[in-house]
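Here are my notes on this complex, as numbered points. Please read them with the viewer open.

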Amino acid sequence: MSDELLVSGRAWVFGDGINTDDMYPGFAMRLPIDEAARHMFHASRPGWADLVQPGDIVVAGRNFGLGSSRPVPLLFQELGVAALVAEQFNSLFFRNCINYGLPAAAVPDATKLITEGDTVRLDFTDGSLCASGTVHPIAPLPELLRSVLAAGGLFPQLEAAGKLRPAGSGA
Amino acid sequence: MPDALIQKVLGRASGGPAAVGEIVVCDVDLTALIDIQFAHDRLGDVVSVADPDRIAIVFDHAVPAPSVRDAESGRKARAFAAAHGIEKVFDVGRHGIVHQVLAEQGLARPGTVIACTDSHTCAAGAVGAAARGLGPAEILQIVCTGRTWYQVPPTLRYELSGRKHSWVNGKDIFLHIAGRYGEATGHAVEFGGPGLAELPMTDRRTIATQGAEIGADFTIFPSDQRCLDYVSAAAPGTELTPVWPDDDAAYAAVRQVDLSAVPPMVGRPGTVIDNTGPVDDLVGTRIDQAFIGSCANGQLADLEVAARIVKGHQVAPATRLIVTPASQRIYLAASRLGYLADLVEAGATVTNPTCGACFGYHMGTLAAGEVCITASTRNFKGRMGSADADVYMASPATVAASAIRGSISDVREFTGEAT
């Protein structure tokens, strides 16, 4: 198993109903990924991109990621965010994250169990989250998705299968 | 086991049972690619596509290209089509918002599986397709393999009865549902009941499109005669396979909606989930901008009602009314029928078919402190421009009436049916 399935980092805690337009605003879609990432959470927490550190974990409440299919996980990865935890994910957003190789875990009461600044440890293999010295189960990923995550996302999988040329070699 | 409608469609597509909670792997009948995803989605690295006849490329989000970057995306899209022999290309001039184009070209059909990297792909559920938005990486995978997976969701069923009033739009029906019953995260939303037969396809398309706003995995309607007639008109000569749920299917919930009791509704800024009300609650709220368009409400019927309401009136001073037909076909029809002339004469600006204003990309964006009422898809904070602007959501009729008054208004005052 890859290290992708074992993640430890400092938590940022957001509330319920954080949507994709907040994380990746429409005007930022005109920008290259590295510049777009500077505008994450522009509506709910402007300036956050200047505070987050590589390896940090983003925690949110219910209905996390309602909205668009825009590639929000690329922005998180640009900022070095190691994983997402939420009490409930929008299904489009959840599979979008896994498919880009960004670990995501559903944990009931996550925003109650985790305080901003806590160090959180996620183990996707045994299905556990450790925060403030206590261990909580996380919803297990179906094997299909675990294999995508272990490969680092769909792009590496497709490259390995010979269906996608290595990045930068295309038209 | 008796199946809900989404189970029926996913079961057929996967060649086996589709029990709730199971992951099924399906052949995808149609994958739609859109202009902006060519900016950084690695489509240029694709070695070969699974089936060029099952791919469509639709120019909609940033057209005509408002920047060099968007122009480059268009160039990549055209090169991709040429390299892989894709013939279903709807380039600038033959374009429209992808979901409208799929409907009017007859590419969305009952019982099919449709994928597109736009969250309002659920629009095709109006014709009984299992259609949903998927992320760009996954769409690229489907382009390469022709297949994807779905976790079969439990279904919330809305049992429609009665007949809507003429001034009520699918938007009002959706806002009623979103306000009363809230989110549908992780569920399919199915419609049926005795009120369905009289519900026009344009209203079904609006409702299906808006399902994304309550977080539904799929929104889906059965293929009754009205639906089959609609698809047959768009795809003459195509053999269609109607899809219906089993009579004794199990649902997570069954909810009754009396269409005759739905008033004009307004969604308050931020989200439609548990956040809508009858127009009476908000009449008089000052607006700076009014927008009619998007995949949800840029249809010919939407332009027709807007034109009818503004005819003989003028858009209020200091208020902007922006109208975006959802496709070139609609633009042409609305032009020939005189709707565009009526709108422009009243002081509206009519734009090229595009997603632009709906997602705050390259036109119709809002300044801080401004208030907009929109018939488009989504009213998140910052969606249409500044995060300090407020976006209310309503039907095209309510938006048109509000543009005339310069404040949120009851369309019934314009139709002689004031309460």
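1. B:Val391 sits in strand S18 of chain B, which spans residues 390-393. The model is predicted. B:Val391 is buried, because 26 other C-beta atoms lie within 10 Å and the cut-off for buried is 20 or more.

2. What does B:Val391 touch, leaving out residues up to four places away in sequence? Its partners are B:Pro269, B:Cys372, B:Thr374, B:Asn379, B:Arg383 and B:Met384. Take B:Cys372 from that list. B:Val391 and B:Cys372 are 19 residues apart in sequence, yet their C-alpha atoms are 4.8 Å apart in space.

3. Now chain B as a whole. It has twelve helices and 18 strands. The C-alpha box, taken along the principal axes, is roughly 55 × 55 × 40 Å.

4. Burial and contact range for chain B. Of its 419 residues, 61% are buried. Take the contacts between residues at least 6 apart in sequence: 77% of them join residues at least 24 apart.

5. One helix pair in chain B deserves a look. Helix H9 (residues 300-310) of chain B packs against helix H12 (residues 396-405) of chain B, with axes 8 Å apart and an angle of about 30°. Angles under 35 degrees count as roughly parallel, and H9(B) and H12(B) are therefore roughly parallel to each other. The crossing of H9(B) past H12(B) is right-handed.

6. Which residues make that helix contact? H9(B) supplies B:Asp302, B:Val305, B:Ala306, B:Ile309 and B:Val310. H12(B) supplies B:Pro396, B:Ala397, B:Ala400, B:Ala401 and B:Ile404. By class, the contact of H9(B) with H12(B) has nine nonpolar residues, no polar ones and one charged.

7. On to chain A. It has seven helices and seven strands. Along the sequence the order is β-α-α-β-α-β-α-β-α-β-β-β-α-α. The radius of gyration of chain A is 15 Å, close to the 16 Å from the globule rule for 171 residues, so chain A is as compact as a globular protein of that length. Its C-alpha atoms fill a box of roughly 50 × 35 × 25 Å along the principal axes.

8. Burial and contact range for chain A. Here 50% of the 171 residues count as buried. Among contacts with a separation of 6 or more, 67% come from residues 24 or more positions apart.

9. Is helix H4 of chain A buried or exposed? Nine of the nine residues of H4(A), residues 91-99, are buried, so the helix is largely enclosed by the rest of the structure. Among them are A:Phe93, A:Phe94 and A:Ile98, and also A:Arg95 and A:Asn96. After H4(A) comes A:Gly101, with a positive phi near 80°.

10. Finally, the contact between the chains. Chain A gives 40 residues and chain B gives 39. On the chain A side, the elements with two or more residues are helix H1 (20-23), H4 and helix H7 (154-160). H4(A) has the largest share, five residues. The side of chain A that touches chain B divides into 17 nonpolar, 17 polar and six charged residues.

Terms used:
Residues numbered from 1 in each chain as written. Chains lettered and ligands numbered in written order. Predicted model: local features only at pLDDT ≥ 70, side-chain atom pairs only at ≥ 80, totals over all residues. Helix = DSSP H or I, 4+ residues; strand = E, 2+ residues; numbered from the N terminus. Rg over C-alpha atoms; globule rule 2.2 N^0.38 Å. Buried ≥ 20, exposed ≤ 12 C-beta atoms within 10 Å, placed from the backbone. Contact = placed C-beta atoms within 7 Å. Axes fitted to C-alpha atoms, helices over the stretch in contact; angles between N-to-C directions. Parallel < 35°, antiparallel > 145°, perpendicular 65-115°, else oblique. Left-handed = near helix turned anticlockwise from the far one by under 90°. Nonpolar A, V, L, I, M, F, W, Y, C, P; charged D, E, K, R; others polar.
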